[in-house]
Amino acid sequence: MAAAGPVAGEGPVPPLGAAAKPALGRGFRLQWEPAQKAHVLLYPEGMVKLNGSAGEILKRCDGARTVVEIVSDLESAFATTGLEKDVRAFVTVALERQWLEIRE
Amino acid sequence: MSADGGIANVGTPGRGTAQGCVAAALDGTETARGTFVALDATETGRGGAFAALDATEAARGGAVSPEAADAPLSARVGNPGPPLWLLCELTYTCPLHCVFCYNPTDFAKTQQELSTDDWLRVLRQGRELGAVQLGLSGGEPLTRDDLEIIVAEAHTLGYYTNLITSGVGLTEVRIKALKEAGLDHIQLSFQDSTREVNDFLSSTRTFELKSKVAALIKKYEYPMVLNVVLHRLNIDHVQEILEMAQSMQAEYVELANTQYYGWAFHNRERLLPSREQLLRAEETTNRFRDRVGKKMRVLFVVPDYFERRPKPCMNGLGSVFLTVTPDGTALPCHAAKMLPGLTFPNVKDASVEWIWRDSPGFNHYRGDSWMKEPCRSCPEKTKDFGGCRCQAYLLTGDPDNADPVCDLSPHHHLVTEMVEKASAPQPASPVVEHPLIFRDRKNSQALSG
């Protein structure tokens, strides 16, 4: 099944570098929907309802922070450690689905 | 279906009642199954540290989520989730006269369109209920000179705004104003790759104009999403259509075979492709996909009549989808006005909340108590909700029957016979037997009886 979103990919997603700063893909919008009590990712004629974890990660993908910074922010916000592997895995999936893109 | 959503998934339901311009896109169907899925991010980090984040989840699985499919259908009655998809058909006025339009054939009866204030009120009330995807269609929505006002209000309210257009009337002045008003997305429809066929099928001369519009859409940095309605008279041009789309740098192309409602139902003898045509077109599409890869995504929507199981039309009427027609009639699907025995309320007389939650017209097909056999005892009823009520009505005369697309339906022969007929050698001049009826006011008045 095709990945979500309007933006055409250019082939396989490159490995997620330490300096990579993920941002929402073009045409995507993230917002909190009170009626669904969830963050949703909106794109042309479609929507992904996110669970709490996905919402928290995507919220921080602003094109200004690296994955390492996002991880550290999450670990501090939720008073925990060891999130990097999971966050990287999610960001990788989100890049494949073009919910996220890396802007240089 | 996974969480990958995508226009593809929204599109698939295009097999739905929608088609043509409104296309697949707006059919709420798979929105609840494919697109409106909860991303199960826990899968990427089940257990372990990720659990810490999961604990913050406010509320997994709201009103509409894959889990909802496991809940009894009766739970939907009187207790619907939000109308996530609001489709505003702003007008029936259209410069095109497409033979496959899903608009009602008696649209000429509509006297008075809603005012700007009426539409703004609908937007506000819909948003309060949780509507979030907004489709603006018609007819041709650009014929309303208050489109920019409507878009601006929708944007302020937090809708994701989708304009579904033929492109006629989309000048640079207007696209600039719409961009500034916050329009998120434009879906442009084409009838074919060649000027002759495009102009013939829409009964106008618009091909060059549409090509210019496509360039404007690029210039204003919208993703290029093309919708091409396929049928017997153009399906053999799929290769050319895809090449045209590629030359326009389309990112997404929906090859939506006509579904048979409204004008298309009236013209179905002329529009249904043969099995051979359909197979050829699919093969061509697959070869093209292999060659182009991810640069251009192509969705191919098969006509319902060729299927053996029905689409989960609108994800069940009254589950996620709300249409308001040009005169303010609220419908649980854009074709539902035809359903006999139901009264649908008007947004001029009632609030969107009452219409959605309480009106008899919207509650009638919620749940499964309306179902007849074979649907009633069918294990698949929570997957396809018995298919499309309008299709059941159009083909069997009873909207409570199983959608005859289903091969478990005792009426399934009605669709297979249509397909056989379309696949058999044709008489030399079918034009005389079944002339194409173009969607225009004069024909609509004649068909209104």
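Residues are numbered from 1 along each chain as its sequence is written, while chains are lettered from A and ligands numbered from 1 in the order in which they are written. Because the model is predicted, local features need pLDDT of at least 70 and side-chain atom pairs count only at pLDDT 80 or more, whereas totals for chains, interfaces and linings use all residues.

The predictor assigns the complex an ipTM of 0.85 and a pTM of 0.83. Two residues are in contact if their C-beta atoms, placed from the backbone, lie within 7 Å.

Chain B contains an open sheet of 9 strands in the order 8-7-6-5-4-3-2-9-10, with mixed pairing. Helices (H or I, at least four residues) and strands (E, at least two) are DSSP runs, numbered from the N terminus, and two strands pair if DSSP finds at least two bridges between them. Strand 8 (297–301) and strand 10 (330–331) of chain B each have a single partner strand, so one side of each lacks a neighbour in the sheet.

Strand 5 (residues 185–190) of chain B is largely enclosed by the rest of the structure, because 6 of its 6 residues are buried. A residue is buried if 20 or more other C-beta atoms lie within 10 Å of its own, exposed if 12 or fewer, and partly exposed in between, with C-beta atoms placed from the backbone. On one side of strand 5 of chain B the buried residues are His185(B), Gln187(B) and Ser189(B), and on the other Ile186(B), Leu188(B) and Phe190(B). Strand 4 (residues 160–165) of chain B runs parallel to strand 5 of chain B over 4 bridges, with Leu163(B) partnered by Ile186(B). Strand 5 of chain B is also joined by 4 bridges to strand 6 of chain B, again in parallel; here Gln187(B) stands opposite Val225(B).

A nonpolar core is a set of buried Ala, Val, Leu, Ile, Met, Phe, Trp, Tyr and Cys residues joined through C-beta atoms within 7 Å. The largest has 136 residues, and Leu41(A), Val253(B) and Leu255(B) have the most contacts inside it. Helix 3 of chain A gives the largest share of this core, 6 residues. Beyond four places in sequence, the contacts of Leu255(B) include Val228(B), Leu230(B) and Val298(B).

Most residues other than glycine have a negative phi, and most peptide bonds are trans. Gln98(A), in the loop between helix 3 and strand 5 (100–102) of chain A, has a positive phi near 65°. Gln98(A) is buried, with 25 other C-beta atoms within 10 Å. Ala79(A) has a positive phi of about 45°, yet counts as exposed because it has 7 C-beta neighbours inside 10 Å. In chain B, the peptide bond from Gly138(B) to Gly139(B) is cis, with omega near 15°, and a cis bond with omega of about 10° joins Glu373(B) and Pro374(B).
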